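My entries follow the structure.

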Amino acid sequence: MRLLIIKDDKELLKDVINEVEKNYIVDVASNGSDGAYLSQVNDYDVMVIDSDLPDIDSVEVCKMTRDADIKTPILLLSGNNEPSCKAKSLDAGADVTFSKPVDVDEFMAQLRALARRNGMLCNGSMIKIGRMEIDLKKKQLYVGDKPLPLRRKEFDLLEYLLLNKGRVVSREEILEHVWDQGIYVFSNTVEVHVRSLRNRLNRYVGKKFIKTIRGFGYKIDA
């Protein structure tokens, strides 16, 4: 799961970000302008927006995101618990308003709930998308209730692509994150493993599940 967190205060969400980064991919923007830009050029599973931004009001960031037809679930952090303030945030496009100070356990549970709405769940040990479920601890893929055996590198490749769902991942990124540094690999190693993984998954998720973006890399949109 990939998150965008828009916040100004470096100490705000420090504990939360440390927890999130253990399992998820996290991009952090320090102001509303940068956050709005990132939300339009990258695909995220959840966006977290702090109410205290140095340039643009958080409600305006929500509006800009929705005006750009971005459907990503938004969690807006607020120090104002007045019903009128919450209503304003929700009307602007936020899916959930969350009060500060932030309780880490409650925050993580809310992130998982929003991710489920967006079609993907990653709770640190499991990733669910469509009919597929990946157990990261056991290194096992299930389709429905049935295990589907994968070779180790096929599993690692699928895991990395799913964690970057919605983003084009280059061949170089895959080599860096899936293969050990210093290990010699053939020039077509990534292509061979993608082809093999597709052959194993086609029966269950279709041929277009892993897309080739010619000249750039690979992408999963599901």
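The entries below go topic by topic.

**Entry 1: ground rules.** I am working on a predicted model, in which local features need pLDDT of at least 70 and side-chain atom pairs count only at pLDDT 80 or more, while totals for chains, interfaces and linings use all residues. Residues are numbered from 1 along each chain as its sequence is written, and side-chain values use heavy atoms, with hydrogens and water left out.

**Entry 2: the sheet.** I took helices (H or I, at least four residues) and strands (E, at least two) as DSSP runs, numbered from the N terminus. Two strands count as paired if DSSP finds at least two bridges between them. I found an open sheet of 5 strands in the order 2-1-3-4-5, with parallel pairing. Strand 2 (25-29) and strand 5 are at its edges with a single partner strand each, so one side of each has no neighbour in the sheet. From one strand to the next the twist averages 20° (axes are lines fitted to C-alpha atoms, for helices over the stretch in contact, and angles run from 0 to 180 degrees between N-to-C directions). I then looked at strand 4 (residues 74-78), which pairs with strand 5 in the parallel sense over 4 bridges. Leu75 stands opposite Val96 in strand 5.

**Entry 3: a hairpin.** Strand 11 (residues 210-213) pairs with strand 12 (residues 217-220) in the antiparallel sense, over 4 bridges. I noted Ile210 opposite Ile220 in strand 12. The hairpin has 3 residues between the strands, and Gly215 takes a positive phi near 85° there.

**Entry 4: salt bridges.** My criterion was a side-chain nitrogen of Lys or Arg within 4 Å of a carboxyl oxygen of Asp or Glu. By it the structure holds 11 salt bridges. I checked Lys100 and Asp52, whose closest N and O atoms are 3.0 Å apart. Lys100 lies in the loop between strand 5 (96-99) and helix 5 (104-117), and Asp52 in the loop between strand 3 (46-50) and helix 3 (58-67), so this pair ties together parts 48 residues apart in sequence.

Next I took Arg200 and Glu154, a salt bridge with its closest N and O atoms 2.7 Å apart. The pair links helix 8 (residues 189-205), which holds Arg200, to helix 6 (residues 152-163), which holds Glu154, 46 residues apart. For burial I used relative accessible area: buried is under 20%, exposed over 50%, partly exposed in between (1.4 Å probe, protein chains only). Arg200 is partly exposed at 28%, whereas Glu154 is buried at 1%.

Glu173 and Arg167 also meet in a salt bridge, at 3.1 Å from N to O. Glu173 is partly exposed at 21%, and Arg167 is buried at 18%. I also logged a network of salt bridges linking Lys139, Arg152, Asp156 and Glu159.

**Entry 5: Ser58.** I placed Ser58 in helix 3 and found it buried, at 3% relative accessibility. Leaving aside neighbours within four places in sequence, Ser58 is in contact (heavy atoms within 4.5 Å) with Ile49, Asp50, Ser51, Leu53 and Leu76.

**Entry 6: cysteines.** How many disulfides does a search of the whole structure find? I got 0, taking a disulfide as a pair of cysteine sulfur atoms within 2.5 Å. The sulfur of Cys62 has its closest cysteine sulfur in Cys85, 11 Å away, too far for a bond. Cys62 is buried at 0% relative accessible area, while Cys85 is partly exposed at 23%.
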